[in-house]
Amino acid sequence: MAEDDQTAEAKQCVAGVSPVVATAALRTQRNKKVIKETTLLREHAELQFADELEELGKVDKRQRPPNWRLSPWAVMTYLMGGKLESGFEVSPKYIGDRRIIEIAIATLTTDRGLLLIGVPGTAKSWVSEHLAAAISGDSKLLIQGTAGTSEETIRYGWNYAKLLADGPSMEALVVSPLMRAMEDGKVARVEELTRIPADVQDTLITILSEKTLPIPELGEEVQANKGFNIIATANNRDKGVNDLSSALKRRFNTVVLPLPKTVEEEIDIVQRRVESLGRALELPAEPPALEEIRRIVTVFRELRSGVTEDGKTKIKSPTSTLSTAEAISVVNSGMALAAHFGDGNLSASDVASGIIGAVIKDPVQDKIVWREYLETVVKDRDDWQDLYLACREVS
């Protein structure tokens, strides 16, 4: 019997439970854990890539900042991928400019917060999650920014039952993810910072500059331990967002995550994410052909840039973002259609509705743009006739 099993059994025996019952209970607990792990729709990064983080930890002999699980070199390898001395292959989590990730990691070794900004679908949240997982081993210290995000969500709240019964005390506090990160010396994440009202955003100023969270009701404060930092994300294309104050901007190092530079880079991103999501969703479809992904990515890139791939024809751009994330969604939706209502192979008819849904956000303006593109670009490409006919049929 394993040592931990024996220890658990001994504890149960002391409590008056027989070894047989104790062992059975332990097995039941483990079975529940296995079932939970295998039925999760999406695991947190530190669990999904636990083997990679473990292997990196074994070979990582470089200096680590206080409370970091890995050195900056190992964090970079985790994000960008690579082959370790042991022969273990680390998968890339971000495909793009290496220097951007180096700047992001270097920022987190200092006392300045990191602001990841870019158009939708540029992997801001993805990078944020994986940085937190690699640095702190915990990506769950998250505040989701919305128009309804209050100051209490960022600072702390109160357990009103305890507050009314015993009055203000540390035990009556409801600790926020940010306060927890300060106490534990970990990285906290704030998603969609510009969606939070401006006066609530500025709650972060004291935390970022003084590394302290005052609790004036108790005359106390929580001071951040080494390793604490904040990664915030912001979308620079959303309408009606709240601009950051100059005081808050000064306390962040801003890193802009761009759209993929080349069509090959974007195809690689889409292919990798689609394969990963296909496994997680257990879609009984064949992996999509590279050429089908290439056509979707090409459509999105041409409409985004306002010019065809060969640079010969100018076209109008729709109001939609047409990000890499949306291309991934189109392929996944098409795979689901192919798996459950087709022959299991992704075809033009499976992706046509997804493409049109991604392009046409404004039912008047975008529909005109799409129809012009369909008739002047898609129609004239000999190897795209199936896509042309499928899109005509849907629209």
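Visitor: What volume does the largest pocket have?
Guide: About 1400 Å³, counted as the space filled by probe spheres set on the grid points, joined across faces, edges and corners. A pocket here is an open set of points on a 1 Å grid where a 1.4 Å probe fits, with protein on both sides within 12 Å along at least five of seven lines.
Visitor: Which residues are closest to its centre?
Guide: Trp126, Arg273, Ser276, Leu277 and Ile328, out of 50 lining residues (an atom within 4 Å of a point).
Visitor: What kind of model is this?
Guide: The model is predicted, with pLDDT of at least 70 needed for local features and 80 or more for side-chain atom pairs, while totals for chains, interfaces and linings use all residues. Numbering starts from 1 along each chain, and side-chain values use heavy atoms, without hydrogens or water.
Visitor: Which helix gives the largest share of that lining?
Guide: Helix 14 (263–281), with 10 residues; helices are DSSP runs of H or I, at least four residues. Helix 2 (19–39), helix 4 (50–59), helix 7 (124–136) and helix 16 (324–341) also give two or more each.
Visitor: And the second largest pocket, how much space is in it?
Guide: About 200 Å³. Its lining has 14 residues, with Thr109, Thr110, Lys226, Gly227 and Phe228 nearest the centre.
Visitor: Switching topic: what does Phe300 touch?
Guide: Leaving aside residues up to four places away in sequence, Phe300 touches Leu322, Ser323, Glu326, Ala327, Val330, Ile355 and Ala358, a contact being heavy atoms within 4.5 Å.
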